[in-house]
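Look at the fold before reading on.

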Amino acid sequence: LIGTPLAQRLGIGFVPVRKKGKLPGATECISYSLEYGKARPGGSRGSGWGAETHREGAELEIQRDAVEPGQKVVVVDDLLATGGTMWAACELLKRLKAEILESLVIIELKALKGSEKLNSIPFYSLLQFD
């Protein structure tokens with residue numbers, strides 16, 4: 001939701017990375033794990049609810065002709081939680097031989113340490129929450 005207006009404002013191109021099956025034409029696809037917490041009955045702290053971690057599979061794709069080898073890109077998203085989606089988007093761009101300059105998000109949930117999955121890619125967030 002933020003990539004398109006940002007690209008338009010900067011006068012640069014925009015390439016969507018979407019859930020599998022949403023893009024036309026030949027695509028490159030990657031599978032990755034989603035981790036998320038969910039409240040469940042029976043936890044501690046007196047509330048009767050506790051945290052439980054769930055893993056679920058997901059797939060992202062990009063059009064194969066979306067970027068040229070060596071093309072410079074910035075990966076933008078609204079939220080970074082566990083980092084799986086941002087990691088997958090970066091991996092797709094690497095497969096297409098794009099040069100990833102940096103990644104940025106509006107909100108980072110720091111306690112989930114998602115930015116650690118991005119390794120050497122410079123990462124920036126506007127708002128951080130613990």
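## Model and conventions

This is a predicted model: local features need pLDDT of at least 70, side-chain atom pairs count only at pLDDT 80 or more, and totals for chains, interfaces and linings use all residues. Residues are numbered from 1 along each chain as its sequence is written, and side-chain values use heavy atoms, with hydrogens and water left out.

## Fold

The protein has two helices and six strands. Along the sequence they run α-β-β-β-β-α-β-β. Helices (H or I, at least four residues) and strands (E, at least two) are DSSP runs, numbered from the N terminus.

Of the 130 residues, 27% are buried. Buried means under 20% relative accessible area, exposed over 50%, and partly exposed in between (1.4 Å probe, protein chains only). The accessible surface is about 8,700 Å², and 52% of it belongs to carbon and sulfur atoms. Areas come from the Shrake-Rupley method with a 1.4 Å probe; for residues, only the protein chains shown count as cover. Among contacts (heavy atoms within 4.5 Å) with a separation of 6 or more, 63% join residues 24 or more positions apart.

## Core

The largest nonpolar core holds 22 residues, of which V75, M86, L93 and I100 touch the most other members. Two or more residues come from each of β2 (27–41), β3 (49–63), β4 (72–80), α2 (84–95) and β5 (99–109). Helix α2 gives the largest share, six residues. Such a core is a set of buried Ala, Val, Leu, Ile, Met, Phe, Trp, Tyr and Cys residues joined through side-chain atoms within 4.5 Å.

Not counting residues up to four places away in sequence, M86 touches V75, D77, L80, S103, L104, V105 and L118.

## Largest pocket

The largest pocket has a volume of about 1,400 Å³. Of its 43 lining residues, F14, V17, V75, V76 and D77 are the closest to its centre. A pocket is an open set of points on a 1 Å grid over the protein atoms alone, where a 1.4 Å probe fits, with protein on both sides within 12 Å along at least five of seven lines; lining residues have an atom within 4 Å of a point. Points are joined across faces, edges and corners, and the volume is the space filled by probe spheres set on them.

Strand β4 gives the most to the lining, nine residues. The lining divides into 27 nonpolar, eight polar and eight charged residues. Ala, Val, Leu, Ile, Met, Phe, Trp, Tyr, Cys and Pro count as nonpolar, Asp, Glu, Lys and Arg as charged, and the others, Gly among them, as polar.

## A loop residue

S120 lies in the loop between β5 and β6 (123–129). S120 is exposed, with a relative accessible area of 70%.
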